[in-house]
Amino acid sequence: MAEKTIMLCCAAGMSTSLLVSKMQKAAESDGIDAEIFAAAAADADAKLEEKHPDVLMLGPQVRYMEGQFKDKLSIPVEVINMQDYGMMNGEKVLREAVKLID
């Protein structure tokens with residue numbers, strides 16, 4: 001099992017899938033043992049139950065869900081910086097997620 005589990009959530013899970021692969025590459029090159037995965041907003045609750053992530057990162061398009069996730073979860077919940085998301089900056093998003101876990 002990975003040391004850190006990072007979940008990304010967006011409207012359909014498509015755009016975050018690309019970001020996940022960039023984050024995984026950054027984690028490998030930084031020597032970070034992390035399981036990183038994406039889920040569509042509709043599947044978020046099931047994935048949270050199944051995977052028990054250490055942090056939940058929300059795509060900017062689902063930022064309206066931040067409050068409800070924060071109310072029901074005991075893990076950090078953060079909206080991904082819009083610029084980092086748009087540029088698919090996996091390294092920066094990974095660093096932010098790790099900072100929230102540690």
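This is a tour of one predicted model, from the whole chain to single residues.

The model is predicted, so local features need pLDDT of at least 70 and side-chain atom pairs count only at pLDDT 80 or more, while totals for chains, interfaces and linings use all residues. Residues are numbered from 1 along each chain as its sequence is written, and side-chain values use heavy atoms, with hydrogens and water left out.

**Whole chain**

Start with the protein chain as a cartoon. It has five helices and four strands; helices (H or I, at least four residues) and strands (E, at least two) are DSSP runs, numbered from the N terminus. Along the sequence the pattern is β-α-β-α-β-α-β-α-α. The radius of gyration of the protein chain is 12 Å, close to the 13 Å that the globule rule gives for 102 residues, so the chain is as compact as a globular protein of that length. That radius is taken over C-alpha atoms, and the globule rule is 2.2 Å times the number of residues to the power 0.38. Along the principal axes, the C-alpha atoms fill a box of roughly 35 × 30 × 20 Å.

Colour by accessibility next: 42% of the 102 residues count as buried. Buried means under 20% relative accessible area, exposed over 50%, and partly exposed in between (1.4 Å probe, protein chains only). For contacts (heavy atoms within 4.5 Å) with a separation of 6 or more, residues 24 or more positions apart account for 66%.

**The sheet**

Select the strands. They form an open sheet of four in the order β2-β1-β3-β4, with parallel pairing; two strands pair if DSSP finds at least two bridges between them. β2 and β4 (77-79) stand at the edges with a single partner strand each, so one side of each has no neighbour in the sheet. From one strand to the next the twist averages 20°. Axes here are lines fitted to C-alpha atoms, for helices over the stretch in contact, and angles run from 0 to 180 degrees between N-to-C directions.

Zoom to β3 (residues 55-58), which pairs with β4 in the parallel sense over three bridges. Met57 stands opposite Glu78 in β4.

**Helix α1**

Select residues 15-30, helix α1. Its 16 residues reach 23 Å from the first C-alpha to the last, close to the 22 Å expected, where the expected span is 1.5 Å times one less than the number of residues. Show side chains for Thr16, Leu19, Val20, Met23, Ala26 and Ala27, which are buried. Viewed down the axis of α1, these buried residues fall within an arc of 130°, so they line one face of the helix; the arc is that of the directions from the helix axis to the C-beta atoms. They pack against β1 (4-10), β2 (34-40), α4 (82-86) and α5 (90-101).

Turn to the face away from the buried side: Lys25, Glu28 and Ser29 are exposed there. Just after α1, Gly31 takes a positive phi of about 70°.

Select Lys4, in strand β1. Is Lys4 buried or exposed? At 10% relative accessibility, Lys4 counts as buried. Not counting residues up to four places away in sequence, Lys4 touches Ile32, Asp33, Ala34, Glu35, Asp54, Val98, Ile101 and Asp102.

Finish at Ala34, in strand β2. Leaving aside neighbours within four places in sequence, Ala34 is in contact with Ala2, Lys4 and Ile6. The C-alpha atoms of Ala34 and Ala2, 32 residues apart along the chain, are separated by 5.1 Å.
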